[in-house]
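Here are my notes on the model you sent, kept to points that can be checked against the coordinates. Please read them with the structure open.

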Amino acid sequence: MPFVILSAMLFNSLQFIIFLPLAFCGYWALSKASLRWQNLFIVAVSYLFYGLWDPRFLLLIAFTSLCSFLSGLLIRRHTFSRLVLWVNVLLNLTVLGLFKYFDFFSLSFSQLFGIRDPLILHLVLPVGISFYTFQALSYSIDVYRRQVVPTTDPVAFFAYVSFFPQLVAGPIERASSLLPQFLKPRQFQYSVAVDGLRQMLWGFFKKVVVADNCAEYVDLVFSSPESYSGSSLFLAAVLFTIQIYGDFSGYSDIAIGCSKLFGIQLRRNFSVPYFSRDIAEFWRRWHISLSSWFRDYVYIPLGGSRCSRLKVIRNTFIIFLLSGFWHGANWTFLAWGLYHALLFIPLILLGRNRRFVDVAASGRILPSLVELFQMLFTFILVVLGWIIFRSPSIGFAVNYIAEIFSVGLFSAPFVHSVPIMGVLVFSIAVMFVVEWVNRNQSHTFALQPCSRILRWGFYIVLLSMVLTCAPTSEMPFIYFQF
């Protein structure tokens with residue numbers, strides 16, 4: 001009898017609303033027992049959380065965890081440490097490649113050479129496999145580099161790889177920051193838990209109210225772009241740009257906030273990327289955990305920026321192409337990575353790729369006209385890139401972009417529902433205003449300077465919108481497919 005998905009536990013599902021309080025109570029009830037029991041509980045609930053997608057996925061994450069745990073012990077104790085590292089890297093990348101890329105390469109190879117019956121495995125892509133594979137690999141590499149002392153506690157290590165809040169869509173954590181938190185006792189801190197709930201509420205607002213309502217218009221237009229004017233296509237592209245941010249950064253906020261409930265601190269994954277003034281700043285603020293992973297484990301080992309200008313350009317193309325391909329087995333993802341590499345190269349050649357360190361309008365309420373233009377121009381460039389990312393094929397993306405820059409761009413865009421668009425415009429405005437005001441905070445919903453009445457009033461408004469303005473059907477997070 002084949003395995004089936006029992007009931008995928010989305011953050012925005014009733015199952016998770018029931019699951020989280022039970023996990024929270026059980027976890028802290030075991031805090032007086034022992035650290036090992038508490039970690040075992042984390043592993044158990046994480047495997048339950050993941051197994052509800054498909055029980056077969058558990059074999060893969062257990063295999064990845066076991067290989068990386070054993071490799072850490074062997075690397076420090078064995079004379080063939082380099083060989084052990086490469087064996088573990090190849091094992092994990094082979095598993096990732098088999099499930100994620102085999103059919104793509106087989107089909108592409110067959111089309112290139114005219115083979116009629118390509119070998120297609122039709123394997124189900126395990127949710128979050130790219131995230132936990134990279135997280136496990138970083139441990140082995142850091143042990144080899146002697147940046148991390150290998151742990152002898154398999155329970156803590158399995159908890160590190162499978163920690164359920166960030167298991168299926170990150171942030172991609174490093175062993176140097178997350179693993180030590182499972183090796184020492186945690187104490188419940190009320191203020192940290194409250195901050196976590198606040199961050200979760202903001203994440204739910206961005207996902208359920210902003211992203212999911214954007215999705216309805218985006219899916220409608222992208223399903224048949226030939227039926228809509230250039231202005232409608234551009235509006236859909238802008239809304240997808242907002243959707244993918246609200247969806248993915250919303251997930252990260254929920255994951256980071258949820259982790260705080262368990263006394264675990266995760267790294268920030270987004271830092272107001274749509275207020276960036278050039279593409280280089282955008283990539284320092286977007287999906288920070290993945291960008292830094294490629295920087296530390298690919299870009300710097302290749303020579304980084306401490307080599308000839310030609311090699312710096314080569315290294316930049318490599319990490320952007322790998323970043324694009326990491327997202328999935330489709331030529332559009334490679335094209336998306338190439339597009340951003342081409343935008344990045346002029347900044348490198350002009351030596352301007354590190355000119356923006358602080359957030360825009362640092363120390364001021366409003367940006368200058370120059371900063372406003374820079375942010376708007378960068379945003380438009382990002383919008384064009386997301387069209388490539390969202391398209392099923394490169395030809396589709398080319399036609400879509402070409403149709404935007406037609407006469408139809410100057411017509412009124414299609415509006416499928418005035419009330420929904422009204423809610424959408426209002427919620428997007430709220431999101432950008434709050435994130436602009438709190439752009440210097442550790443996360444973008446830290447309303448500390450406000451009075452208690454104002455804060456609680458805002459919480460109630462957001463919660464009411466989450467409960468009443470969400471689409472009727474549950475929508476999975478976009479990055480679950482990666």
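**Notes on the predicted model**

1. Helix 8, residues 175–182, has Ala 175, Leu 178, Leu 179, Gln 181 and Phe 182 buried. These residues lie on the same side of helix 8, because the arc they cover around the axis is only 155°. Their cover includes helix 2 (35–51), helix 6 (129–144) and helix 7 (154–162). Please keep in mind throughout that this is a predicted model.

2. Helix 2 also packs against helix 3, residues 57–77: the two axes come within 9 Å and cross at roughly 135°. On the helix 2 side the contact is made by Tyr 47, Tyr 50 and Gly 51, and on the helix 3 side by Phe 57, Leu 58, Ile 61, Ala 62 and Ser 65. Sorted by class, this contact has 6 nonpolar and 2 polar residues, and no charged ones.

3. The loop between helix 7 and helix 8 holds Pro 171. The peptide bond joining Gly 170 and Pro 171 is cis, with omega about 5°. Most peptide bonds are trans, and most residues other than glycine have a negative phi.

4. Two residues other than glycine have a positive phi: for Arg 146 the value is near 60°, and for Val 272 it is near 40°. Are they buried or exposed? Arg 146, in the loop between helix 6 and helix 7, has 58% relative accessibility and counts as exposed. Val 272 sits in the loop between helix 10 and helix 11 (279–285). With a relative accessible area of 3%, Val 272 is buried.

5. Phe 414 belongs to the loop between helix 16 (394–404) and helix 17 (418–437). What does Phe 414 touch, leaving aside residues up to four places away in sequence? The contacts are Tyr 217, Leu 220, Tyr 228, Ser 232 and Leu 235. For Tyr 228, the separation from Phe 414 is 186 residues in sequence, but 7.4 Å in space from C-alpha to C-alpha. Even with these contacts, Phe 414 has a relative accessible area of 33% and is partly exposed.

6. Glu 226 is placed in the loop between helix 9 (190–223) and helix 10 (230–261). Its relative accessibility is 66%, so Glu 226 counts as exposed. Along the chain, Glu 226 and Asn 399 are 173 residues apart, while their C-alpha atoms are separated by 9.2 Å.

7. Asn 353 is in the loop between helix 14 (331–349) and helix 15 (369–390). Why does Asn 353 count as buried? The cut-off for buried is under 20% relative accessible area, and Asn 353 is at 15%, so it counts as buried. Not counting residues up to four places away in sequence, Asn 353 touches Ala 280, Arg 284, Phe 344, Leu 347 and Ile 348.

Definitions and conventions:
Residues numbered from 1 in each chain as written. Predicted model: local features only at pLDDT ≥ 70, side-chain atom pairs only at ≥ 80, totals over all residues. Heavy atoms only, no water. Buried < 20%, exposed > 50% of the residue type's maximum accessible area, 1.4 Å probe, protein only. Helix = DSSP H or I, 4+ residues; strand = E, 2+ residues; numbered from the N terminus. Arc of directions from axis to C-beta. Contact = heavy atoms within 4.5 Å. Axes fitted to C-alpha atoms, helices over the stretch in contact; angles between N-to-C directions. Nonpolar A, V, L, I, M, F, W, Y, C, P; charged D, E, K, R; others polar.
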